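Keep the sequence and the model in view while reading.

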Amino acid sequence: MKQLSLFPEWEYETTKKTIDNYGERQHIETKFSHLIQEELYLGKLVSYVGNKSLPILGLYRYKEAFAFSLVEEFIKRFQLTDKDLIFEPFCGMGTTPFTAMHANIQTVAIDKLPIAAFIANTMPLFWLVEPSSLHHNFELLKNKLRQFEPADVASDVAIINKAFSTETLTELSQWKSAIETLSNPIKDIFLLLFLSILEPCSYTAKDGQFLRIKKDKKIYSPTEILQQKIYQAEQDILSMRTLWGNKKRQLPEIKLADARDLRNVKFSQKPTAIITSPPYPNRYDYTRIYSLELCFNFVKNFEELKELRFSILRSHIELKVQDNDAPNHPVIAEVVDILRQQGKVLNNPRIPDMLVGYFIDMNQVIKEWSKVLVSGAKVAMVVDNVRFAGELIPVDLILSEMAEKVGFKVEKIIVARYKGNSSQQMGKYGRIPVRESIVVWQKN
């Protein structure tokens, strides 16, 4: 088996002069080198792109998701059947529970972000409705749209007033009020489709870790683009039934909960597998990226949005630092020490705090998994290594070592793809490919 290193041969000359700074990282790379293997054909499955052509999963653009086919792949590798229970602790848009539903495998999925839990819970509901009912209800609501008072949104959040023209915001708010008059499951399906049109109706664009204002962007009419979404959903329901049949399926259980504390998450049996991808420690603040959706349906004002921001996994720089926060792994101590010495080089001085908080949180997450999983349970988790101010952080290996300490066996670290660095990073520190990996563990 090919052994892979933090320092690839083609970059050795660039990095050897600073290799003394990588003592703990070199040690952990050496420790796990015999378990690291490339399966680069999986690279196209660890992103949202694989879902774009699939029915239902392409209705909402949740770009941090992985592909339906990746879940299928690990259901096969883990030899899961209808006797198993999959747990998905970071469900995002719900790719894992949606895929498991088609394989007739029971799933419990959670997420701390309310927009994510809502999408994941709503995706399976498309099985329950007739396509014609969507068009029928759309026409009813459209014909009396002007009769509805605009719904309240979190208008004290600055992005709301920057994102929309007055006319568009009014029309969207009327649609929100109209949708509230429907009954479930149609109501939630319409709400999901409504939330999916907010970005195209706005001056914003999800761009990396930001929701950016783009005043030269083409803006769509809410009613017209919602009608297009309704038509797309109708076609997707028909395609879904053609692809996967029309038999009844057991809907997954989706809950709003925190992966760091599973005491209130109930399971009908101990989970036998986890297929997931946590937020990466890459500064992405999901409460900013999805702030339009959150402000239209899940928070009432800026204070609630800020409270949510401080409560999610600490993968972003607006985290709350606790008094007792300290690096909980030798590699993090090494990296944080270097970054704090080079603080003036960092584009944000809170990056070391984020790294400390992230790995404290993820260590707690892994401990919770060890409590709820059955002995012999399998874990497949997509993670992304990161680089700040030239310093590589092997997230896949750090989390694997944490898992070992609470009763997991690390079976392999699969390199799904290598990702490039920003032009600023390459200009200052040279090009070093960064692994996006799938760690595979088994509970002892």
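Salt bridges number 34 in this predicted model. The cysteines follow.

**Salt bridges across the chain**
- Arg-309 pairs with Asp-285, with 3.0 Å between the closest N and O atoms. The bridge spans 24 residues, from helix 13 (residues 302-311) to the loop between strand 7 (273-276) and helix 11 (286-289). Arg-309 is buried at 4% relative accessible area, and Asp-285 is buried at 3%.
- Asp-396 and Arg-435 form another salt bridge, at 2.9 Å between the closest N and O atoms. Asp-396 lies in helix 16 (residues 395-405) and Arg-435 in strand 12 (residues 434-443), 39 residues apart. Asp-396 is buried, with a relative accessible area of 0%. Arg-435 is buried too, at 6%.

**A loop pair and its network**
- Asp-325 meets Arg-314 in a salt bridge of 2.8 Å, N to O. Both residues sit in the loop between helix 13 and helix 14 (330-341), 11 residues apart. Arg-314 is buried, at 8% relative accessibility.
- Shared partners join Asp-325 and Arg-314 with Asp-258, Arg-260 and Asp-361 in one network of salt bridges.

**Cysteines**
- The structure has 0 disulfides. The cysteine sulfur closest to that of Cys-201 belongs to Cys-295, and the 16 Å between them is too far for a bond. Cys-295 is therefore in no disulfide, since its nearest cysteine sulfur is that of Cys-201.
- Cys-201 is buried, at 1% relative accessibility. Cys-295 is also buried, at 1%.

Technical notes:
Residues numbered from 1 in each chain as written. Predicted model: local features only at pLDDT ≥ 70, side-chain atom pairs only at ≥ 80, totals over all residues. Heavy atoms only, no water. Disulfide = S-S within 2.5 Å. Buried < 20%, exposed > 50% of the residue type's maximum accessible area, 1.4 Å probe, protein only. Salt bridge = Lys/Arg side-chain N within 4 Å of Asp/Glu carboxyl O. Helix = DSSP H or I, 4+ residues; strand = E, 2+ residues; numbered from the N terminus.
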